[in-house]
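The sequence and the structure come first.

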Amino acid sequence: MKFAESDELLLEREAIYFHYCFFRKEELSEEVIARYVNANQMYLSSINYQKINSIEQIINRQLDVEAIEYVFRIINRKNILTTKIQILFYLIEVRSQYFEYFFNCRADRLRALASFTHSLLLAAFKFVKGKYLIWKYDLV
Amino acid sequence: MFDAIVVGSGPAGTFAAYSLQGTNTLMLDVGYRPPASPGLDGNIFKLRKSEEDLFSPLIGKDFESLHNLYNRNISLKLKAPYLSYVIKDWDTLSPVKSDNFAGVYSFAKGGLANAWGAGVFRFNDSDLRDFPVKALELEPYYERLASHIGICGLNDDLEPFFGYDDKLMEPLRISRFATNFLDRYRNKRRFFNEQGIYVGRNRLAVLSDDHNHRKAYKYENLEFFKPCISAVYNPVYTLDEMLEKQTIKYLSGYLVVTYEEHETFVEVKARHLESGAVESFKAKKLILAAGALNTAKIVLTSNEDYESKLQLLDNPIVVMPMLRLGAYGSELEIEGSSLGQLVVVYDGPLATGSVQASLFGTNGPLRSDVLFDLPLPLSGNISLLKYASQSTGALMIFYPGRPIKENYVKINKEGAIEVHCKDEELPKIENVFMRAFRKIGYYSASFLCQYPKMGTGLHYAGMLPMKETPCKYETDKMGRLFGTSNVFVADGACFTALPSKNLTFTIMANSMRIADFVKSELGG
């Protein structure tokens, strides 16, 4: 099935925006973008983007994708937004550039505990923010 | 005409053929082989840190590692690009219809043992109490296997369950998490033993020293991605040795469909997968070792029986994560293993028969496999996984498989295996473990435990059980199928019961025993 150029462009914009939201300091390689597009074309080709409006809205309005994904994941673990971000994460975690995001290379209990505390507080904030954004923009 | 035909090249088939060397034996097999595995030479973490891009070996050009995003969940190991051959075409060559069974099987050369955890445990008389075979009869075969494949471990607190073995190689090094766990258990040994809990070193078909032309284990943590790691035993090594010495004949690319017994021979019909043609092979004896489900299917199909229900035994499993708070924030242990680190046995009043569990680390799979199952927003999950991975372990608990009326297999006229099974009420030994391990600083909680579907443990057995006086769809003590003179069953299908121990070592030993008997009938 040949993909419309507009769908490919949307997928590229997804990859770029999702990556920016989580790995601001890193440059996203063209290779990863192409693989992201391929993976989506292989496995998520049946998505009706008119029915699932959230992805285009998130990108166009530069919304907090982490907050929205968090709430969607709580409601339905297998939702499309989570699946798309998971695809991106699979593609970037196998690159050395991202190694230290995922693996702790030095023992630092204090830093670890501080990070955990921050994560717990962030969870509450992101949940409330996600719920608000979903309501405000009627995201599906 | 051949002396014997062996169907399948997994642990049972390989060791049946091993015993039959010296006769004119043919092995028929589908026999998918692993691809070359470039890009995975060396420690996985050193590679991931130094190689710019490991897309091909870790994700796959067809995005094999993304399998569970769009398909029924399979074991994380089986979806890796270089390991996906292990279950290639399993659901097209021999479809399974089931609402709640998560098992898969293998048409690879070597079978599911290409991706096994390598745990090897001798069945004792307690494990064999329902079998018409005693431990003493299996003992010589366990001994021969141990010398052949090389087993590492220790005669420790688990000796009463695994037996004394004077040929064990030094045990593998274990992780900091497991070392600490074992040390704390030993300090409170009396308390644990009073609860019926025993902890010790795993017995693994893995070489801690060079052995029989295979090199010792290198702690590169590649088990989730790389096939045929030489130090980890695979029946393919034995099979390839036999083929090199030309002591058996081997034909791959054949799917055995049926057999028919005549007065002096058995005729086996097998479909050649490339041409689609059905070919006929004749032998004096037939040994079915195609894996329990497929062996059962061959027998039922050969009898054109679409009604009979054959019992299905399977080990229900529970996955219990554990956290050691004191290790939170520890640095990554670069050298290590994804194999079971320790074994925990419960032998107390709450269970009939002992319950065995293996403790695993959490460094094996890709992070993205688990990141989205954690309870925080994504950046929190990344941080949690990063700092907690050295302080967490997963205890995989195997319960004994009990015969339950609702658990059975049959075939339908469309050629599919129908598997019916029902989740059973388990005695919740995980709660016993949780309460006990808390005392040594290892924490878990009921809501964290996972209860995978039946079949997930890949230990199914019992469809054609061995009995002292068998009847239809049962086998005698030597694996001979009731109603036949020359058809034998050598894989897990002939198991009478399913203790919680990994059954592979006993499948190998029993298969050798059966094949030895077959050889004696051949006059060999």
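## Chain A and selected features of chain B

Chain A reads α-α-α-α-α-α-α along its sequence, which amounts to seven helices and zero strands. Helices (H or I, at least four residues) and strands (E, at least two) are DSSP runs, numbered from the N terminus. The model is predicted: local features need pLDDT of at least 70, side-chain atom pairs count only at pLDDT 80 or more, and totals for chains, interfaces and linings use all residues. Residues are numbered from 1 along each chain as its sequence is written, chains are lettered from A and ligands numbered from 1 in the order in which they are written, and side-chain values use heavy atoms, with hydrogens and water left out.

The C-alpha trace of chain A spans about 50 × 35 × 25 Å along its principal axes. Chain A has 140 residues, and 50% of them count as buried. Here buried means under 20% relative accessible area, exposed over 50%, and partly exposed in between (1.4 Å probe, protein chains only). Among contacts in chain A with a separation of 6 or more, 77% come from residues 24 or more positions apart; a contact means heavy atoms within 4.5 Å.

Accessible areas come from the Shrake-Rupley method with a 1.4 Å probe, and for residues only the protein chains shown count as cover. Chain A carries 19 positive and 17 negative charges, whose mean positions are 7 Å apart. Lys and Arg count as positive and Asp and Glu as negative, while His and the chain ends are not counted; the place of a charge is NZ of Lys, CZ of Arg, CG of Asp or CD of Glu.

### Salt bridges

Over all chains the structure holds 36 salt bridges, each defined as a side-chain nitrogen of Lys or Arg within 4 Å of a carboxyl oxygen of Asp or Glu. Three of these pairs are listed here.

| Pair | Closest N to O distance |
|---|---|
| Lys129(A) and Asp64(A) | 3.0 Å |
| Arg48(B) and Glu93(A) | 2.4 Å |

In the salt bridge between Lys129(A) and Asp64(A), Lys129(A) belongs to helix H7 of chain A and Asp64(A) to the loop between helix H3 (54-60) and helix H4 (65-75), so the pair ties together parts that are 65 residues apart in sequence. Lys129(A) counts as partly exposed because its relative accessibility is 30%, whereas Asp64(A), at 15%, counts as buried.

The salt bridge of Arg48(B) with Glu93(A) joins two chains, because Arg48(B) lies in helix H2 (residues 44-50) of chain B and Glu93(A) in helix H5 (residues 80-93) of chain A. Both Arg48(B) and Glu93(A) are buried.

Asp41(B) is exposed, with a relative accessible area of 60%; Lys226(B) counts as buried at 18% relative accessibility.

A network of salt bridges links Arg122(B), Glu139(B), Glu143(B), Asp165(B), Asp166(B) and Lys167(B).

### Surface patches

Patches are made of residues with over 30% relative accessible area and no salt bridge; like charges are joined within 9 Å, and nonpolar side chains (Val, Leu, Ile, Met, Phe, Trp, Tyr) within 5 Å. On chain A, Ile74(A), Phe127(A) and Val128(A) make a nonpolar surface patch of about 270 Å². Phe127(A) sits in helix H7 (residues 109-136) and counts as partly exposed at 31% relative accessibility.

On chain B, Lys188(B), Arg435(B), Arg438(B) and Lys439(B) form a positive surface patch. Lys188(B) is in the loop between helix H8 (176-187) and helix H9 (189-194), and is partly exposed at 38% relative accessibility.

### Backbone angles

Phe63(B), a residue other than glycine, has a positive phi near 55°. Phe63(B) lies in the loop between helix H3 (55-58) and helix H4 (67-70) of chain B and is buried, with a relative accessible area of 3%. Lys428(B), also a residue other than glycine, has a positive phi near 60°. Lys428(B) is in the loop between strand S15 (417-420) and helix H13 (429-438) of chain B and is partly exposed, with a relative accessible area of 36%.
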